[in-house]
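Trainee: I'm new to this one. Can you walk me through it?

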Amino acid sequence: MLSALIWMPMLGAALIGFWPKGMNPNRSRLIALVAAGAACLWTLVIVSQFNPSHVGQQFSEFIPWIETLGLNYHLGVDGLSLPLLVLNGLLTCIAIYSSDVAIQRFRLYYALVLVLSAGVAGAFLAQDLLLFFLFYELELIPLYLLIAIWGGHRRGYAATKFLIYTAISGILILASFLGIVWLSSNTSFAYDPSRTQTLPLATQALLLLMLLIGFGIKMPLVPLHTWLPDAHVEASTPVSVLLAGVLLKLGTYGLLRFGMGLFPDAWNLLGPWLATWAVVSVLYGSFTAIAQKDMKKMVAFSSIGHMGYVLLAAAAATPLSTLATVLQMVSHGLISALMFLLVGVVYKKTGSRDLDVLSGLLNPERGLPLIGSLMVLGVMASAGTPGMIGFISEFLVFRGSFPVFPVQTLLSMLGTALTAVYFLNLMNRVFFGRLSEQVINLPRVQWSDRYPAIVLAVLIVLFGIQPNWLVHWSEPTTTAMNASFPVLTLRTHNFKFVTSQEGQELFSHAFKRTLALPEIPSPMSHTP
């Protein structure tokens, strides 16, 4: 059942790549849309049959593969990976639909997008360490080619830089996985948190550090981030949508699944440092975004800041903050995809992304009024305006993290204010005021450019009003992930350690009071 999410895009890529001569761009585009749409619909079928109260892996598939290497084809899905699978399916469809119909080398382009989607889906589904690594590396070459062939003027530099950074990331992750298998005296790469519990704490910390750097490059975190702005600026709009909306989530997902899941003791040990690292990323990304003159580069640096919120919540390791990491990943995926789509439309119609050139695009007669209105919504969501998914995700990050790291949380909250600063500056200079003489007589925006942005805008508002529809699938899983973590809470003026069970109940009740969630039995609860 889960294999279909991998092999349907692969089959579509094979059809496009090996179709006899004479295939035109429209047919290639149609096959790609059908393959991506089928995978997206199949993901919704899985969602309809998914049991959120079950905290283990569901719909598991296991096939022995290379026994001498300890590699097995083992797939599964739980509340952590399910929302990201849906996000991957949705954004792949949007990326294909928003691609230029007259794109050059169209067969290779659509085939690479589908292979990229299959690799990401496989990474989210893999329950074998080596299998995860194979899928993690599978997306490297397609994305490199998508930037290097269809990118901007400096596409070669940006693609090579991305390749080098991601290769280093993969080496560190593989080294950590090999260390886990070797030091635990095991021959299998099966995902098993119990195998790391017998390792010395110093060894756990070393293996975790390699994962932190490896996945930190992918997220990315400061100072491992320098590949991201170049990749975004040079990539085409659909590729930027996939890069920001889905591919960065491989880093955050890996930290939660393998870093936090395999090394809870070392994670607690490094927690304060991780929270401080998160603050640095949030503030650096925000302040650097303020200084940008290129709209796309501004959105790229904002991603660095918002990924820091995920690390802050994960570092706190409370049931509420862990749940907030899932919401923040989905929230950032939707909002960043919307922002890059809109920036792409502006560039397509005006030929510029420079804040010093553009002005007055919200003009209802000669400007881009609908695009400007959607940009207002995207800016409000990114800045955490109530009623948008960005608000609820950041609120839960701060509420879940504050009892453990109050100082780091307060400093990270400055990032929300700074987000409003740089995006309001963008809106004021690009969309308000008198229409610039350099961008008059703008071409009409076709509905094909509007539909993807409208879909994302509706989801951003919908999940902002009804976050229960999203968190319902993940709350039991994220609560169970914290079963081995001591929870540090702040009560009145004193810090107090409580057991993991007490912490789960405390944060679960607080969260339900906030969002009026229906009662979901805790997977760790028991009858006294």
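Here is a short chat about the model, from overall fold to single residues.

Mentor: First, the ground rules. This is a predicted model, where local features need pLDDT of at least 70, side-chain atom pairs count only at pLDDT 80 or more, and totals for chains, interfaces and linings use all residues. Residues are numbered from 1 along each chain as its sequence is written, and side-chain values use heavy atoms, with hydrogens and water left out.

Trainee: How many helices and strands does the protein chain have?

Mentor: The protein chain has 20 helices and four strands. Both are DSSP runs, numbered from the N terminus: helices are H or I with at least four residues, strands are E with at least two.

Trainee: Why call it as compact as a globular protein of that length?

Mentor: The radius of gyration of the protein chain is 22 Å, close to the 24 Å from the globule rule for 528 residues, so it is as compact as a globular protein of that length. That radius is taken over C-alpha atoms, and the rule is 2.2 Å times the number of residues to the power 0.38. The C-alpha trace spans about 70 × 60 × 40 Å along its principal axes.

Trainee: What share of the residues is buried?

Mentor: Of the 528 residues, 61% count as buried. Buried means under 20% relative accessible area, exposed over 50%, partly exposed in between, with a 1.4 Å probe and protein chains only.

Trainee: Which residues have the most contacts inside the largest nonpolar core?

Mentor: Met295, Leu334, Leu361 and Met375, in a core of 178 residues. Its largest share, 18 residues, comes from helix α13 (residues 319–350). A nonpolar core is a set of buried Ala, Val, Leu, Ile, Met, Phe, Trp, Tyr and Cys residues joined through side-chain atoms within 4.5 Å.

Trainee: What is methionine 295 in contact with?

Mentor: Leaving aside neighbours within four places in sequence, its partners include Val343, Arg353, Met375 and Phe431. Contact means heavy atoms within 4.5 Å.

Trainee: New topic. Where is glutamine 292?

Mentor: Glutamine 292 is in the loop between α11 (264–290) and α12 (295–316).

Trainee: Is glutamine 292 buried or exposed?

Mentor: Buried, with a relative accessible area of 14%. Not counting residues up to four places away, glutamine 292 touches Lys297, Met298, Phe301 and Leu355. Its C-alpha atom is 8.7 Å from that of tyrosine 422, 130 residues apart along the chain.

Trainee: And isoleucine 171, buried or exposed?

Mentor: Isoleucine 171 counts as exposed, at 58% relative accessibility. Isoleucine 171 is found in helix α7 (residues 155–183).
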